[in-house]
Amino acid sequence: MTLAGPLSGAAHADIPGANGVYTGCYSRVTGSLRVIDFEAGQRCRTLLGENTVTWSQTGPKGATGATGATGPTGAAGATGATGATGDTGSPGATGATGATGDAGAPGATGATGATGDTGAPGATGATGATGSTGPAAPQPILGQFIATQIVRDATLTCATTTVTATNTTCSGPKINGLDIRLAGIEAQAICNAVTGQGFSTASGSGAAAVPYVIWTGTAWTLSSAGATPMLNLNCNR
């Protein structure tokens, strides 16, 4: 089976999330980090070697300040005056009991103690260490295939390669170690990335191992619907 011809694609996001958290995708293949809109449904492409990472610019809450000292107790009120003693009766009879003295007025309420000072804010939490940069991804040689190179955020490998003044060929192409569907959109996406030109021919036979890789117009993704694998790709230079 043989194909010939060209093709293309696009995307958007809103960042950070409502809770102030940033979400990103770290590629173990390229070492790059891209920010996504997680609340809008965007997700990292784990099948293409991406890990999900999150971070926030707000430090942890400081410790609560110490409680202020209790104010002093107010002074006790003065004791009321003692009632007058009743007159003594004639001998024999008991004199009448003197009237009870009036109760003394309540003492004044003690002043409220001063409010304790607010405790100092807790120290800001230390910023997490930045992850080390991964090894540089193999870069394409403009205009031709090499054994391993990055093509549209994925690793393209060729069992063998050839190059002439007008064409370059990849035999046994794989994306991230998987078969590539034999179709014009995949052939065009690879040739446009490697040489900046369209493809001359693409051929293959048999059935692709499942899962295999297809190009959606914006990204590589996995499929298992059944397809012929690409075995040779010839790109114009």
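View 1. Start with Glu50: its relative accessible area is 6%, so it counts as buried. Here "buried" means under 20% relative accessible area, "exposed" means over 50%, and "partly exposed" is what lies in between (1.4 Å probe, protein chains only). The model is predicted, so local features need pLDDT of at least 70 and side-chain atom pairs count only at pLDDT 80 or more, while totals for chains, interfaces and linings use all residues. Residues are numbered from 1 along each chain as its sequence is written, and side-chain values use heavy atoms, with hydrogens and water left out.

**View 2. Glu50 meets Arg34.** Which residue forms a salt bridge with Glu50? It's Arg34, and the closest N and O atoms of the two are 3.0 Å apart. The pair ties together distant parts of the chain, with Glu50 in strand 4 (residues 50–56) and Arg34 in strand 3 (residues 33–36), 16 residues apart. A salt bridge here is a side-chain nitrogen of Lys or Arg within 4 Å of a carboxyl oxygen of Asp or Glu. Strands are DSSP runs of E with at least two residues, helices are runs of H or I with at least four, and both are numbered from the N terminus. While Glu50 is buried, Arg34 is partly exposed, at 31% relative accessibility.

View 3. Move along to Asp153, which forms a salt bridge with Arg45, the closest N and O atoms being 3.9 Å apart. This pair also joins distant parts of the chain: Asp153 sits in the loop between strand 5 and strand 6, Arg45 sits in the loop between strand 3 and strand 4, and 108 residues separate them. Arg45 is partly exposed, with a relative accessible area of 25%. Across the whole structure, the search turns up five salt bridges.

View 4. Two strands count as paired if DSSP finds at least two bridges between them. Strand 6 (residues 154–157) runs antiparallel to strand 5, joined to it by four bridges, and it pairs with strand 9 in the antiparallel sense over two bridges.

**View 5. The hairpin of strands 5 and 6.** Zoom in on the turn: strand 5 and strand 6 make a hairpin with two residues between them, and Arg152 in that turn has a positive phi of about 50°. Val151 has Ala154 of strand 6 as its bridge partner. Elsewhere along the pair, Thr148 stands opposite Thr157. Thr157 also has a bridge partner in strand 9, namely Lys174.

**View 6. Lys174 and Asp179.** How far apart are N and O where the side chains of Lys174 and Asp179 meet in a salt bridge? The answer is 2.4 Å. Asp179 is buried, at 12% relative accessible area, whereas Lys174 is partly exposed, at 31%.

**View 7. Asn167 and its neighbours.** You'll find Asn167 in strand 8 (residues 167–171). With 19% relative accessibility, Asn167 counts as buried. Its side chain makes polar contacts with the side chains of Thr166 (2.9 Å) and Asn236 (3.5 Å). A polar contact is a pair of N or O atoms within 3.5 Å; within protein, one must be able to donate a hydrogen and the other to accept it, and residues adjacent in sequence count only if both atoms are side-chain atoms. Leaving out residues up to four places away in sequence, Asn167 touches Ser200, Asn234, Cys235, Asn236 and Arg237; contact means heavy atoms within 4.5 Å.

View 8. Helix 1 covers residues 184–194, and its buried residues include Glu186, Ile190, Cys191 and Val194. After helix 1 comes Gly196, whose phi is positive, near 80°. For the protein chain as a whole, buried residues make up 26% of the 237 residues.
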